[in-house]
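Student: Hi! Could you walk me through this fold and its aromatic rings?
Tutor: Happy to, here it is.
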Amino acid sequence: MYNVSFSSKLVPMSLSDFAYLTSSFSRDNLVDYPWTSSSSRVAKDVFTYRVCDCSAALVTDGEKALLMHFVPSNEKNHDFKQILKLITNNFNMNKADKLQAVLAGAKPDTESKDVFNIFRYVFDKLKIPTTILYNGKGATNIAYRTCTDEVYISNPHIEKSLKKGKSPIETLKSGFEKIELSEVDEV
């Protein structure tokens with residue numbers, strides 16, 4: 001049982017709506033190249049673009065968010081200690097039961113899946129409820145707004161499903177090979 005006092009809402013959106021939404025975010029909160037621990041951001045509003053074979057992980061306590069975007073080709077991104085350090089340095093681990101996460105990305109190849117599985121391992125070890133969005137069917141964009149507690153997700157397949165009028169959950173499923181919705185999240 002989780003003691004999370006809030007639940008994030010996952011919001012699938014078109015690519016243009018995502019660009020419009022994030023245009024109001026500070027550029028300092030963009031997780032960008034070189035897609036390592038040094039490019040991770042902690043803020044109320046965070047975002048990243050083009051998660052392909054990378055893994056992107058969002059951790060929030062409802063007051064702030066940590067967004068990480070790790071490229072699998074960098075050997076240092078395969079070290080679980082740096083992920084653990086990022087989380088423990090940015091959140092009060094005495095209140096770890098208030099954390100929740102979203103993990104997106106990866107491809108089935110070994111190198112890419114390894115980084116994804118390291119994130120899963122750390123979240124499981126810390127008992128952080130996590131929504132999994134595995135193997136995006138196109139470059140995926142992710143943003144989070146603390147004031148609304150919403151995770152915004154877009155990719156080309158999500159956009160096509162939205163244009164067809166599909167439900168939010170169907171739209172989200174269309175954008176990824178596999179999704180596992182955390183019990184503390186909703187679509």
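Tutor: A word on terms before we start: contact means heavy atoms within 4.5 Å. This is a predicted model, where local features need pLDDT of at least 70, side-chain atom pairs count only at pLDDT 80 or more, and totals for chains, interfaces and linings use all residues. Residues are numbered from 1 along each chain as its sequence is written, and side-chain values use heavy atoms, with hydrogens and water left out.
Student: Thanks! What does α1 lie across?
Tutor: α1 lies across β4, β9 and β10 (150–154), running at about 40° to β9. Axes here are lines fitted to C-alpha atoms, for helices over the stretch in contact, with angles from 0 to 180 degrees between N-to-C directions. Helices (H or I, at least four residues) and strands (E, at least two) are DSSP runs, numbered from the N terminus.
Student: And what is the strand order in the open sheet?
Tutor: The five strands run β1-β10-β9-β4-β2, with mixed pairing. Two strands pair if DSSP finds at least two bridges between them. The edge strands, β1 (9–12) and β2, each pair on one side only.
Student: In which sense do β4 and β9 pair?
Tutor: Antiparallel, over five bridges, with β9 covering residues 140–145. Across that pairing, Phe 47 stands opposite Ala 143 in β9.
Student: On to the rings. How many aromatic pairs are there?
Tutor: Eight. Rings of Phe, Tyr and Trp (its six-membered ring) pair if their centres lie within 6.5 Å; planes under 30 degrees apart count as stacked, over 60 as edge-to-face and the rest as tilted. One of the pairs is Phe 25 with Phe 47, edge-to-face at 5.4 Å centre to centre and 85° between the planes. Phe 25 is in the loop between α1 (15–22) and β2 (30–31), while Phe 47 is in strand β4 (residues 45–51), so this pair links parts of the chain 22 residues apart.
Student: Is Phe 47 buried or exposed?
Tutor: Buried, with a relative accessible area of 0%; the cut-offs are under 20% for buried, over 50% for exposed and partly exposed in between (1.4 Å probe, protein chains only). Phe 25 is buried too, at 4%.
Student: Why is the Phe 119 and Phe 123 pair called tilted?
Tutor: Because their planes are at 35°, with the centres 6.1 Å apart. Both lie in helix α3 (residues 110–125), four residues apart, about one turn of the helix.
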